[in-house]
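Dear colleague,

I am passing on the structure below, followed by notes on what was found in it. Please read the cut-offs along with the values.

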Amino acid sequence: MSAILVINPGSTSTKLAIFSEGTLLAEETLRHSVSEISSFHRVVDQTEFRFNLVEEFVNQHNMMTQLIAVVGRGGLLKPIPGGTYMVNQEMLDDLTSEKYNTHASNLGAILADRFAKKLDIPAFIVDPVVVDEMQDLARISGLEGIERRSVSHVLNQRAVARHASNDLGLDYHDSAIIVAHLGGGISIGAHKDGRIIDVINGIDGEGPYSPERSGTLPLLEFSHYILERQLDVSAVKKLIAGNSGLKSYLGETDLREVQKRIDAGDKQAKFYLDGMCYQIAKGIGEMAVVLHGNVDCIVLTGGAVYSDYISEKISDYVHWISKIIRHPGEKEMEALYEGAIRVLNGEEQALDYRLV
């Protein structure tokens, strides 16, 4: 029996799965506490810690000798077309140096490559978060010399948008859908005729705050903040992409724990969680404008959507725009496996990061 290992590192979790012939053989989501992750200075410093967890998972299921490929979640790379990519040294160099910003997804290719080399099998990534399909107007930032970037939860956004299209009897390539991926980070995309033509990119400090990201900040006040604390670029990246949002207000990123505090009467926890929902709804409204108000449906997806409280808060603001479909969690593991198996079966060619 041949199998494929899937590795999906998130900011507060490592998701692992093994597939064979379209069947999920094993799956596990390993949760990481704030204190555990905070002990590492940089995301790349977590490599050994997470690699040991991957190895333990594979050994636990006695699948080491059956693996024929490893596929990891794509990280923050240069803007590239969608598809399945072989992991190569140029890609690893960009991820290790955090050339295009820092995020736990950067570890996907790094871990896949390390595990693949151990077994002398190929390593891939599929539809990384930097897949760029934005229309030209969406790139304008408002300051000459700076352009907005397309960074989002592409894998899950596209997967749930296709699923929602099917549910509505529509063709994804002939539909207009807003997808809000709500997890440790948040991205909101406007999907039009099979392309994500605009996206609210939380990793760069856009849109709503999330459990650990800042979202949009008042620029003048933030400039003073940076200067007063003498922060360098690396520190600013870490602040806006990992140490802001609910973490800065409540010292917590686990929404289940925040909900427990609310249920126990914590008014501060309720205030800041409501604020996050308010800002998410504003972002959805922004994407509705991008689609000229012609929206076939709004899809709420990601781990936060398991929360009825969060989903209903957001829905109260945006239900008038279009039908709301909830897809709690994500379909990234299946999408990663399918991208790798298409290449291995010869249905499509693996792309070369060096050539784009």
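The largest cavity lies between domain 1 (3-128 + 332-352) and domain 2 (154-329), because both give residues to its lining; the domain bounds come from an automatic or database domain assignment. This is a predicted model, in which local features need pLDDT of at least 70 and side-chain atom pairs count only at pLDDT 80 or more, whereas totals for chains, interfaces and linings use all residues. Residues are numbered from 1 along each chain as its sequence is written, and side-chain values use heavy atoms, with hydrogens and water left out.

A cavity here is a set of points, on a 1 Å grid over the protein atoms alone, where a 1.4 Å probe fits but cannot get out, and lining residues have an atom within 4 Å of a point. Grid points are joined across faces, edges and corners, and a volume is the space filled by probe spheres set on the points.

By this rule there are two cavities of 30 Å³ or more. The largest holds about 90 Å³, and of its 14 lining residues, Val 129, Val 151, Ser 152, His 153 and Arg 213 are the closest to its centre. The second largest cavity, with a volume of about 30 Å³, is lined by Val 131, Glu 133, Ser 150, Ser 152, Val 154, Arg 158 and Ile 196.

With Ala, Val, Leu, Ile, Met, Phe, Trp, Tyr, Cys and Pro taken as nonpolar, Asp, Glu, Lys and Arg as charged, and the others, Gly among them, as polar, the lining of the largest cavity divides into five nonpolar, seven polar and two charged residues.

Best regards

Technical notes: On a 1 Å grid over the protein atoms alone, a cavity is a set of points where a 1.4 Å probe fits but cannot get out, and a pocket is an open set with protein on both sides within 12 Å along at least five of seven lines; lining residues have an atom within 4 Å of a point.
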